[in-house]
Number of protein chains: 2
Amino acid sequence: MAKRLTQQDIARMAGVSQATVSLVLNNRQDASVRIAPETRARVLEVIRRTGYVANPIARRLHDHRNRILGVFTYEAVFPSTRADFYQPFLEGIEEQAEEIGCDLLLFTSAKAAGGRRRIFSDDSRIRLADGCVLLGRSLDRDDLAQLLTEGIPFVSIGRRDDAGGPVPHVGADYRAAVRDLVDRAVAFGHRKFAYVGAGKGAESSADRLRGFREAVAAHGVEGTHVPFASLDQLAGFTAVLAEEVSDGAALVLAARDRGLSVPGDLSVMTLGAATRPAPEEIGLTGFTIPRREMGRRAVQALTEVLEKAATPQELLPCEFVAGTTLG
Amino acid sequence: MAKRLTQQDIARMAGVSQATVSLVLNNRQDASVRIAPETRARVLEVIRRTGYVANPIARRLHDHRNRILGVFTYEAVFPSTRADFYQPFLEGIEEQAEEIGCDLLLFTSAKAAGGRRRIFSDDSRIRLADGCVLLGRSLDRDDLAQLLTEGIPFVSIGRRDDAGGPVPHVGADYRAAVRDLVDRAVAFGHRKFAYVGAGKGAESSADRLRGFREAVAAHGVEGTHVPFASLDQLAGFTAVLAEEVSDGAALVLAARDRGLSVPGDLSVMTLGAATRPAPEEIGLTGFTIPRREMGRRAVQALTEVLEKAATPQELLPCEFVAGTTLG
DNA sequence: AGCCTGTAATAATTCGAATTAGCATCTTGA
DNA sequence: TCAAGATGCTAATTCGAATTATTACAGGCT
């Protein structure tokens with residue numbers, strides 16, 4: 001393996017000092033440092049001839065930035081089973097990283113303790129990057145707290161409750177999106193609503209349920225939370241909002257199986273959670289989560305954290321999907 | 001942003017010298033450098049408390065290792081349009097990287113000149129990583145040559161012709177796979193073969209065509225290369241091998257449109273290239289490319305390059321897919 | 001006391017490039 | 001003619017960690 005050329009080598013060849021090579025390379029024209037045109041040309045010629053490129057490692061050692069953004073996920077991102085969930089986020093992240101000229105570091109080395117990666121372990125590599133985007137339905141509270149206390153620049157994708165301090169995040173406005181769905185359903189004449197899903201645990205679930213409760217209260221209609229729903233538990237309700245897309249789809253199929261009409265006898269809406277893969281052909285009414293945009297904005301927010309030591313918190317609007325299961 | 005901790009900081013807190021911290025951190029036990037157990041424990045405690053991690057940049061500057069593996073692609077990897085192609089490879093790469101405790105660096109910063117990323121530019125960051133996996137249907141010859149002459153450790157996914165020297169790669173054995181398909185078709189009685197596709201340009205295309213030529217020659221049957229095929233050009237042939245899955249699918253549909261039976265009147269096989277998305281429901285006869293395994297092996301090969309300065313070259317077998325379009 | 005041996009830790013140097021302070025040399029202008 | 005200023009370049013330092021050479025000190029032995 002041919003030894004790599006250094007600025008010192010170039011300097012020797014051009015008969016100047018290493019400092020001069022550096023100045024020429026960076027095209028410095030300041031009043032304080034001047035290089036004669038002939039000298040500059042001579043150095044440039046040697047650089048051209050040798051194809052010399054500055055060693056980025058050494059270069060980055062000097063500034064404190066290395067233009068590397070970390071992406072942490074609690075599990076592998078590429079397996080196809082998880083692709084539907086991660087991919088749109090990552091698409092946005094990659095896009096924005098490319099725009100600001102940063103490389104992306106995937107923390108695949110994080111020791112998988114009990115099948116789940118850890119942000120902090122004996123030799124946490126989280127600080128490899130200038131800053132870090134955290135991705136996952138739920139994030140460990142202790143991890144968030146430690147990130148905050150250690151002053152590690154990061155942004156969460158998805159809203160997060162305070163963890164010993166405000167957590168910088170870019171989320172989706174599930175609360176408003178769910179309220180909007182209820183509003184629309186009320187306009188269709190619905191008065192008896194059921195919310196199907198956990199409604200707690202992850203912030204994303206809690207936000208949805210909260211939006212639901214606010215909306216039914218505002219309209220003065222009946223709204224019940226049914227954590228795990230079979231069709232039998234939904235007798236009497238005319239509109240069901242299912243956190244999970246797959247749950248919504250299953251309900252539609254089950255209802256039609258029993259000869260019920262959807263949306264004739266029962267309206268079903270989905271709240272976009274895609275923990276499990278779901279059939280697409282049903283055309284569920286609901287909303288889309290701006291995953292890609294969230295990825296983009298997260299990287300932008302991270303640059304704000306890095307440059308202004310800010311704590312950005314932002315919720316992006318979800319877009320209504322008409323579908324065919326509300327009537 | 002809180003200033004990043006240095007070994008000097010740790011040293012101060014533990015009341016020792018920076019050198020001592022380094023020695024403890026690297027768990028050096030040599031006879032020449034000894035650290036008292038109490039001192040060691042004190043330093044480790046400070047490290048644990050602060051969550052200190054050595055700056056990989058500085059570390060790399062000194063010992064030329066940082067447990068970061070680069071992944072270079074000429075375009076973004078996450079957009080869904082490219083996901084089908086990249087994903088299986090990346091899945092294998094991620095899996096193996098996780099196993100050997102390395103992080104993955106995606107070179108999103110590579111300047112996109114004319115929409116295509118460049119490995120080498122004014123500020124090439126390729127050397128940030130210990131080594132690099134190159135991914136893409138075709139790789140720039142000049143880039144490969146430069147990687148070789150600069151002695152940058154890398155492995156190509158996909159076989160590559162020499163570029164001023166042998167190129168380390170992990171590819172798929174298209175040659176053998178295509179020969180196998182022809183063998184099977186001959187066994188079915190076919191004697192007039194057409195090869196549809198470029199058959200040149202990328203090594204993967206050339207290898208397929210080469211396998212085709214070898215097989216028809218070995219059997220003494222007729223074999224013609226038809227770069228861009230419409231159904232009309234295929235009159236007289238009884239078996240068609242299409243490089244592109246989508247081309248094969250289109251041929252089947254076109255043939256059936258004209259009232260021809262597939263495989264009754266015409267057999268169609270595909271050679272697995274998936275540049276464009278293709279319908280899956282046809283059940284084309286052909287073979288699968290072991291993309292995921294290629295990703296895994298590429299990372300393993302890269303470790304061989306790094307540890308033994310080897311130049312691994314390996315072709316993995318493709319698996320026959322019976323399908324329904326050969327008879 | 002003087003000398004050696006072992007132990008424990010540190011000072012100093014290295015990696016490659018960027019930057020700052022500063023040293024010569026050459027012009028001007030008074 | 002001499003100070004002031006411009007010009008062109010380089011020596012020295014910095015970044016953070018790893019390594020080598022070296023020092024400091026205790027205890028044992030003659």
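Which residues line the largest cavity? Keep that in mind while setting up the view.

This is a predicted model, in which local features need pLDDT of at least 70 and side-chain atom pairs count only at pLDDT 80 or more, while totals for chains, interfaces and linings use all residues. Residues are numbered from 1 along each chain as its sequence is written, chains are lettered from A and ligands numbered from 1 in the order in which they are written, and side-chain values use heavy atoms, with hydrogens and water left out.

**Stop 1: the largest cavity**

Select Val77, Phe78, Gln87 and Leu90 of chain A. On a 1 Å grid over the protein atoms alone, a cavity is a set of points where a 1.4 Å probe fits but cannot get out; lining residues have an atom within 4 Å of a point. Volume is the space filled by probe spheres set on the points, with grid points joined across faces, edges and corners. The whole structure holds three cavities of 30 Å³ or more.

Now colour helix H5 (80-100) of chain A and helix H5 (80-99) of chain B; these elements give two or more residues to the lining. Helices (H or I, at least four residues) and strands (E, at least two) are DSSP runs, numbered from the N terminus. H5(B) gives the most, with four residues. By class, the lining has eight nonpolar, two polar and no charged residues. Ala, Val, Leu, Ile, Met, Phe, Trp, Tyr, Cys and Pro count as nonpolar, Asp, Glu, Lys and Arg as charged, and the others, Gly among them, as polar.

**Stop 2: the largest pocket**

Select Arg4(A), Asn55(A), Arg60(B), His64(B) and Arg127(B). Of the 45 lining residues, these are the closest to the centre of the largest pocket. About 1200 Å³ of space lies there. A pocket is an open set with protein on both sides within 12 Å along at least five of seven lines. Helix H4 (56-62) of chain A is one of the elements that each supply at least two lining residues. H4(A) gives the most, with five. The lining divides into 22 nonpolar, 13 polar and ten charged residues.

**Stop 3: helix packing in chain B**

Show helix H2 (residues 18-25) and helix H3 (residues 37-50) of chain B. Their axes come within 10 Å and cross at roughly 85°. Axes are lines fitted to C-alpha atoms, for helices over the stretch in contact, and angles run from 0 to 180 degrees between N-to-C directions. H2(B) and H3(B) are therefore roughly perpendicular (65 to 115 degrees). Contact (heavy atoms within 4.5 Å) involves Val21(B) and Val24(B) of H2(B) and Val43(B) and Ile47(B) of H3(B), among them.

H1(B) and H3(B) pack at about 120°, with axes 9 Å apart. Ile10(B), Met13(B) and Ala14(B) make the contact from the H1(B) side.

**Stop 4: backbone details**

Go to Val262 and Pro263 in chain A. Their peptide bond is cis, with omega near 10°. Pro263(A) lies in the loop between helix H9 (245-257) and strand S11 (267-273). Switch to chain B: the bond from Val262(B) to Pro263(B) is cis, with omega near 10°.

Finish at Asn27(A). This residue has a positive phi of about 50° although it is not a glycine. Asn27(A) is found in the loop between H2 and helix H3 (37-50) of chain A.

Definitions and conventions: Parallel < 35°, antiparallel > 145°, perpendicular 65-115°, else oblique.
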